[in-house]
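Hi everyone, thanks for coming. Please have a look at the model on the screen, and then I'll walk you through a few spots in it.

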Amino acid sequence: MQKLSLLVSCPQTSTHSSVRCRLAVCLVAVLWSNDLAIAETGTFIDRYTPSDLRVVTYNPLFDTIFSEVSPTQAAKFERIVAALDPDILHLQEITASTRFTLQLMNTIAPLNNGNGWYAHKGRNNVTLSKYPLSMTATNTLPSGGRDQAISLVDLPDDQFDADFYFMNNHYVCCGGEDNDLIRQPHSDSIVNWLRDARTPGGFIDLPPGTPFAVVGDLNIVGASQPLDTLVDGNIINEALFGSDSPPDWDGSSLTDARPLHNGSLADDYTWRDDNQIFDPGRLDYVIYTDTTLDVGNQFVLNTVAMSNQERAATGLQEFDVTLDNVGATFDHLPVVVDFRIVAAADEDFNFDRLVDGTDLAVWESGFGLASDAARNQGDANGDLDVDGHDFLRWQQQIASSASPSTATIPEPATVVFLLIGAGIVLTGSRCDDRRLI
């Protein structure tokens, strides 16, 4: 689209015409910014902004991404990867070695400046990333009975405010009560593992506020409880996996992204096979922390439903998401979610994106912790304890808040008592640290 230079001058009066002019300028600014945000193809596959982190999960059917297994399907996969350009790609049903999978990605989607893809595999799940992977694991402790690809994506500090933790899964397939019973401990174990990750000690510790997502082919075809558990933290086998634990950092449920076909169509299924008796279903998921993540674009890629113009613009072909060349035999469809990492204030102890009285309650509860304290326990300054200095940080953040309702939160008597006990003397609206060493 052609870009136009625009200069608008409004009269410096308070007349209605001046107001209308300023409104027009605002509208032009919005349209101008949206125009600048249009990416390469001008279709639904584009990121809304170039800085969005694109996450794709896809079950392409056992190893058919390799030309040695299926030249036709491998060519389709290459076109899909080229069009979607994922930053992190989660695959399922990959039995080939990690080395072989990396070789494929570095061949069909080479990165700039001589960089290569990174990969981690657990069972038949492979996470591929443009960025280094750390904290890798292939199962939870206690185990839910089925390996995963678990990893922390080390994102560039100059581009992102935090790293991103993923649990890439392939739940047991198909219907039947027995399979429902197998899927449930898998979900229970993930919720327990994420609780461990959010709290100091145990097997794993994530920096407070680290975004995370549970992704992959969850095969939810019977009972919905395994999915509900992932979202709301309702553990069924508490004897083995502990008590219920809402998984997000603020103690709330996770968010289940539910993208539509090509971003705007009516369907949201991610699996379909017209040669079988089963109805199309939503089997592939991206479930994430909405306290630390916003979503830009999201969609389920369905090349059959694309227009000829869209396919021409993206380099995709009509049957790229099918197992045949007539559109009768689908399998899983690629699920795409573009994320924006939200940096919470250090004084936002409960990660609800607000600094208010609820964070003060967290600080009160953690007050006195002398070592290995975390931000979600009231440590605002990162010195691994919870003391008056952290309260001062919270108070200063409240004072600088643009919201008058939060800027006038009083100091409860219990806080004053704690501060006096810690050697913090309150004088008017000032706080002086007179702690004796």
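Gln 309 sits in helix H7, residues 308-314; helices here are DSSP runs of H or I with at least four residues, strands are E runs of at least two, and both are numbered from the N terminus. Gln 309 counts as exposed because its relative accessibility is 60%. For that term, exposed means over 50% relative accessible area, buried under 20%, and partly exposed in between, with a 1.4 Å probe and protein chains only. Along the chain, Gln 309 and Thr 43 are 266 residues apart, yet 9.1 Å separates their C-alpha atoms.

A quick word on the source: this is a predicted model, where local features need pLDDT of at least 70, side-chain atom pairs count only at pLDDT 80 or more, and totals for chains, interfaces and linings use all residues. Residues are numbered from 1 along each chain as its sequence is written, and side-chain values use heavy atoms, with hydrogens and water left out.

Now, on to strand S10. Is it buried or exposed? Five of the five residues of S10, 284-288, are buried, so the strand is largely enclosed by the rest of the structure. In a regular strand, side chains alternate between the two faces of the sheet. Here, Asp 284, Val 286 and Tyr 288 point one way, while Tyr 285 and Ile 287 point the other.

Asn 262 is not a glycine, but its phi is positive, at about 55 degrees. At 5% relative accessibility, Asn 262 is buried.

Cys 174 is another non-glycine residue with a positive phi, near 80 degrees. You'll find Cys 174 in the loop between strand S7 (164-170) and helix H4 (177-198), and it is partly exposed at 39% relative accessibility.

One more backbone detail: the peptide bond from Leu 141 to Pro 142 is cis, with omega near -5 degrees. Pro 142 belongs to the loop between strand S5 (133-137) and strand S6 (149-153).

Last stop, Val 336 in strand S12, residues 335-341. Val 336 is buried, at 0% relative accessibility. Its C-alpha atom is 5.4 Å from that of Gln 298, 38 residues apart along the chain.
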